[in-house]
Amino acid sequence: MNTFSLPKTQHLVVFQEVIRSGSIGAGAKALGLTQPAVSKIIGDMESYFGSELIVRRNTGVSLTEAGQVFLNWSEAITREMKNMVNEMNALTNSAVVDVSFGFPSLVGFTFMSEMVHQFKMTFPKARVSMYEAQLSAFLPAIRDGRLDFAIGTLSDEMKLQDLHVEPLFESEFVLVANRRGSATAPSAWPRSSTSSGCCRRPIWATTANC
């Protein structure tokens with residue numbers, strides 16, 4: 001390994017996309033590159049480190065132990081480089097800072113429009129990218145730096161110890177039904193033993209070092 005010739009940032013991005021997509025072909029398609037070009041980049045990195053990074057199969061690729069270490073470091077490096085670019089751009093008036101976040105459909109139907117409007121008023125040069133899904137679907141993207149933050153609702157299964165979590169507001173959900181009793185009336189429904197804990201606080205989550 002030649003420590004004076006470090007891997008290119010683009011090679012780190014290519015490697016991450018191959019793992020994210022599940023195969024060299026799918027990664028190449030997502031990046032707009034040819035499959036031979038992506039295969040060469042992966043091969044060059046394996047030659048650089050003198051170790052196999054992925055196992056190639058007909059069904060796709062999987063990480064070796066060395067590949068997992070490389071993936072962890074490459075994601076951290078590209079995330080910090082993105083932060084560096086945004087911070088350097090913020091020093092100039094002409095800078096355009098990219099901000100990406102996710103939100104669930106309920107937020108999109110309620111206060112999202114006003115929130116984005118206020119954000120653009122405060123940061124007029126920000127370029128905002130928004131994605132709609134549940135919070136759990138956004139966590140991998142937050143961890144590897146593809147997403148800056150996400151708004152969503154906590155559940156007991158989520159492991160967020162490595163992320164920064166900020167409560168936004170408390171919200172009570174109620175059920176409204178006709179007073180006349182029927183088989184479909186709430187009084188006829190089975191009570192869940194966990195019903196008292198079904199409501200969770202809407203939160204937003206970012207990486208812990210934000």
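Q: What should I know about the model itself?
A: This is a predicted model, in which local features need pLDDT of at least 70 and side-chain atom pairs count only at pLDDT 80 or more, while totals for chains, interfaces and linings use all residues. Residues are numbered from 1 along each chain as its sequence is written, and side-chain values use heavy atoms, with hydrogens and water left out.

Q: How many helices and strands are there?
A: The protein has 7 helices and 7 strands. Helices (H or I, at least four residues) and strands (E, at least two) are DSSP runs, numbered from the N terminus. Along the sequence the pattern reads α-α-α-β-β-α-β-α-α-β-α-β-β-β.

Q: And what percentage of the residues is buried?
A: Of the 210 residues, 29% count as buried. Buried means under 20% relative accessible area, exposed means over 50%, and partly exposed lies in between (1.4 Å probe, protein chains only).

Q: What share of the contacts joins residues 24 or more positions apart?
A: Such residues account for 64% of the contacts with a separation of 6 or more. A contact here means heavy atoms within 4.5 Å.

Q: Changing topic, how many salt bridges does a search of the whole structure find?
A: The search finds 3 salt bridges, each being a side-chain nitrogen of Lys or Arg within 4 Å of a carboxyl oxygen of Asp or Glu.

Q: Which residue does arginine 20 pair with?
A: Arginine 20 forms a salt bridge with glutamate 17, and their closest N and O atoms are 2.9 Å apart. The two are separated by about one helical turn, because they are 3 residues apart in helix H1 (residues 9-21). Arginine 20 counts as partly exposed at 32% relative accessibility, whereas glutamate 17 counts as buried at 14%.

Q: Where do aspartate 44 and lysine 40 lie?
A: Both lie in helix H3 (residues 35-49), 4 residues apart, which is about one turn of the helix. Aspartate 44 forms a salt bridge with lysine 40, with the closest N and O atoms 2.9 Å apart. Lysine 40 is exposed, with a relative accessible area of 54%, and aspartate 44 is partly exposed at 35% relative accessibility.

Q: What about glutamate 46 and arginine 56, how far apart are their closest N and O atoms?
A: Those atoms are 3.0 Å apart in the salt bridge between glutamate 46 and arginine 56. This pair links distant parts of the chain, with glutamate 46 in helix H3 and arginine 56 in strand S1 (residues 54-57), 10 residues apart. Glutamate 46 is buried, with a relative accessible area of 13%.

Q: On to aromatics: how many aromatic pairs are found?
A: The whole structure contains 5 aromatic pairs. Rings of Phe, Tyr and Trp (its six-membered ring) pair if their centres lie within 6.5 Å; planes under 30 degrees apart count as stacked, over 60 as edge-to-face and the rest as tilted.

Q: Why is the pair of phenylalanine 101 and phenylalanine 103 called tilted?
A: The pair is tilted because the ring planes of phenylalanine 101 and phenylalanine 103 stand at 50°, with the centres 6.3 Å apart. Both phenylalanine 101 and phenylalanine 103 are buried.

Q: Which residues form one aromatic cluster?
A: Phe15, Tyr48, Phe49 and Phe70 form one.
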